[in-house]
Amino acid sequence: MLAAAAAMVVGAVMFAQGQASSRALDRPPQLLSETGLYADAGDLAIDPRNLPFSPQYPLWTDGAAKSRWIRLPPGTTIDGSDPDAWTFPIGTRFWKEFSFSGHRVETRYMELQADGKWLYAAYEWAPDGHEAVLAPDRGRRAAFALGHGAFHGVPGTIDCKVCHEGGPAEVLGFSTLQLSPAVDTAALHGAQGASDIKLDYLIEHGLIIGYERWPSRAPVIEARSEAERLVLGYMHGNCGQCHNSRASLANLGMFLRQELLLRPTSVVETLVGQPVKKSAPGQSADAIYRVDPGHPERSALLQRLSSRYPALQMPPLGTALVDEEAVALVTKWITELEADKGQ
């Protein structure tokens, strides 16, 4: 099935580059069915030219189940010379579908335009589940009730740019580490579909070039324990888009993105025993370190992860609920750090 899909990606003529460029600077289509996601909008059958994928360290969004697809224009390739920031051909499209309790709520869309800028859009699903309509530019703050007075919000265009334009690559979940064939099966919230493509698939089907300079085609996160590896993977997928060495927040010196090409310092070194530069409103007075070994209760990182007070919470956008599984994992890791220090 994947081989057939790849052949259609490379050889299909229905999605010529000229067609992509002709509407590249237009507003997004009004309906999701007009973006090219479906072969048949009637039964919502995914177009086989759209390849499914899953990042091994996914972004958590209030417990939503997600499905993702990419489509490359025929005959084009991804430039992977920089393993931390792939370059995509004009006309590349991405979709990410969000479902809660088995019901589609929104689908986000990205398309690389002729001017080299990404177009962002979000589509809200109708209650009958037959179509999704373009959301307002400002998004919708209370799109789906999560319970206990919390609501999942559909992002506005500015919200999308805040996260996607915070680092060296605007595409966040489709990368060298995220698609590594050496899948971290214990990754928090990780879910790999049987048909999901990986890095080796892109290489074998000639969909990526420049990978020859990489140190490894199957990168993994190096860590001293399983808990630490899982924490580092979680932070890569949920925090690293803003906190990395090539982003506007680089001056903080807190690099939570796993970088394969440039490694100014390890993620652990930027966290453990490092003083907080500026306390956030609501942060306890004794949280003077980002991570205080053996003391999760006074570690600023955990306090921010555990809160949904707007001025304190991290990540600052995209969630209305606390990721309790992540809180438990980070608590375990910080507690173990004290034991490591005593050895």
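How many helices and strands does the secondary structure of the protein chain come to? I counted eight helices and twelve strands, taking helices as DSSP runs of H or I with at least four residues and strands as runs of E with at least two, numbered from the N terminus.

I note that this is a predicted model, in which local features need pLDDT of at least 70 and side-chain atom pairs count only at pLDDT 80 or more, while totals for chains, interfaces and linings use all residues. Residues are numbered from 1 along each chain as its sequence is written, and side-chain values use heavy atoms, with hydrogens and water left out.

Overall form: I looked up the radius of gyration of the protein chain, which is 20 Å and agrees with the value near 20 Å for a compact globule with 343 residues; the radius is taken over C-alpha atoms, and the globule rule is 2.2 Å times the number of residues to the power 0.38. The C-alpha trace spans about 65 × 50 × 35 Å along its principal axes.

Among contacts (heavy atoms within 4.5 Å) between residues at least 6 apart in sequence, 58% join residues at least 24 apart.

Leaving aside neighbours within four places in sequence, I see Asp 159 in contact with Arg 141 and Leu 317.
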